[in-house]
Amino acid sequence: MRIFLAGASGVVGRRLVPELLAAGHEVVGLARGQASADTITGLGAHAVLGDVYDAPGLAGAVAAARPDVVVHQLTDLAAGDRAANSRLRTVGTRNLVDAARAAGVRRMVAQSISWAYEPGAAPAAEGVPLDLHGAPDRVATVTGVADLETAVAELPEWVVLRYGTLYGPGTWYTAGGLMAQLAAAGRLPANADVTSFVHVDDAASAALAALTWPTGAVNVCDDDPAPGVEWVPVFCAAIGEPAPAPAEGERTGWARGADNRKARKELGWVPAWPSWRDGFAKA
């Protein structure tokens, strides 16, 4: 298949491009600047310069690529700006979906998140509604997610990959990353909030597999949702920082983790890193 990959030079994209090529696919990667284009061509794919906020230019780039599938792995988190990331999910995705539809593309695979669900007692499965009624800062994030997922669902065939919290090289959760900096400053709490993680290599393997998955949303995370009181000390040990004392207080209602049984049992996706307990040390 011919794949148009938006986000080809990003954390997941850099791992996905070699997997797509090894599987025999042709890859055209969208690059916002020359440095990103050089990264994409260095991985063996074809790079095309463009910007998801330039709707006409993006439409032309997608049409020229003649893809069978558009894969959306774009984020805007390098500076830790969640508002910018929400704008990309809303506006950038809208433009990408419109470009795909105009080019006659039937299928899209897009990156979403697995911590946007409503509050609940257990890890959330895909049928749990998104949490659009929480605190204003959370609603801003979840609204961006909802906008992305609604737009992608306009395609005849689509898969939304609700990733767990990404860890591994190039992420916030690695030595030198944002969370490592917070840990070094004593600002990473070991609390009751539950997180589901996914290694970036597993995120890429799911995106490859999703090229042929049935339409729908899928939680892509490891098998071990865990509270911060468990995972924070392991993460701190992996990056060489002292672990904080356990924080008091109950779990935030929405911080419940995600259930990966659909991916595992129905779709046959198995993470190479089933738990962050082993993955952090190797990340």
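At what angle do the axes of helix H3 (residues 55–65) and H4 cross, and within what distance do they come? The axes cross at roughly 40° and come within 8 Å. The structure is a predicted model, in which local features need pLDDT of at least 70, side-chain atom pairs count only at pLDDT 80 or more, and totals for chains, interfaces and linings use all residues. Residues are numbered from 1 along each chain as its sequence is written, and side-chain values use heavy atoms, with hydrogens and water left out.

**Helix pairs**

Two packed helices are described by the angle between their axes and the distance between the axes. Axes are lines fitted to C-alpha atoms, for helices over the stretch in contact, and angles run from 0 to 180 degrees between N-to-C directions. Helices (H or I, at least four residues) and strands (E, at least two) are DSSP runs, numbered from the N terminus.

| Helix pair | Angle | Axis distance |
|---|---|---|
| H3 (residues 55–65) and H4 | roughly 40° | within 8 Å |
| H1 (residues 13–22) and H7 (residues 200–209) | about 45° | 9 Å |

The angle makes H1 oblique to H7; angles under 35 degrees count as roughly parallel, over 145 as roughly antiparallel, 65 to 115 as roughly perpendicular and the rest as oblique. The crossing of H1 and H7 is right-handed, a term used if the near helix is turned clockwise from the far one by less than a right angle. Contact (heavy atoms within 4.5 Å) is made by Arg15, Leu16, Glu19 and Leu20 of H1, and by Val200, Asp201, Ala204, Ser205, Ala207 and Leu208 of H7. These residues comprise 6 nonpolar, 1 polar and 3 charged. In this division Ala, Val, Leu, Ile, Met, Phe, Trp, Tyr, Cys and Pro count as nonpolar, Asp, Glu, Lys and Arg as charged, and the others, Gly among them, as polar.

H3 also passes H4 in a right-handed crossing. From H3, the contact uses Ala55, Leu58, Ala59 and Val62, and from H4 it uses Asn95, Leu96, Ala99 and Ala100. The contact of H3 with H4 has 7 nonpolar residues, 1 polar and no charged.

**The sheet and its helices**

Seen as an ordered set, the 7 strands of an open sheet run E3-E2-E1-E4-E5-E6-E10, with parallel pairing; two strands pair if DSSP finds at least two bridges between them. Strand E3 (46–49) and strand E10 (216–220) each have a single partner strand, so one side of each is left without a neighbour in the sheet. From one strand to the next, the twist averages 20°.

Strand E1 (residues 2–6) is joined to strand E4 (residues 69–72) by 4 bridges, and alanine 6 has histidine 72 of E4 as its bridge partner. Helix H4 (residues 82–102) packs on the sheet and touches E1, E4 and strand E5 (107–113), its direction making about 170° with that of E4. Helix H5 (residues 136–152) likewise packs on the sheet, touching E4, E5 and strand E6 (157–163), and its direction makes about 165° with that of E5.

E1 also pairs with E2 in the parallel sense over 5 bridges, with glycine 29 of E2 as the bridge partner of leucine 5. In strand E2 (residues 26–31), 5 of the 6 residues are buried, that is, under 20% relative accessible area, where exposed means over 50% and partly exposed in between (1.4 Å probe, protein chains only).

**Two individual residues**

Serine 86 lies in helix H4 and is buried, with a relative accessible area of 11%. Not counting residues up to four places away in sequence, serine 86 touches Ala140, Thr141 and Gly144. Glycine 186, in the loop between helix H6 (178–184) and strand E8 (194–195), is exposed at 62%.
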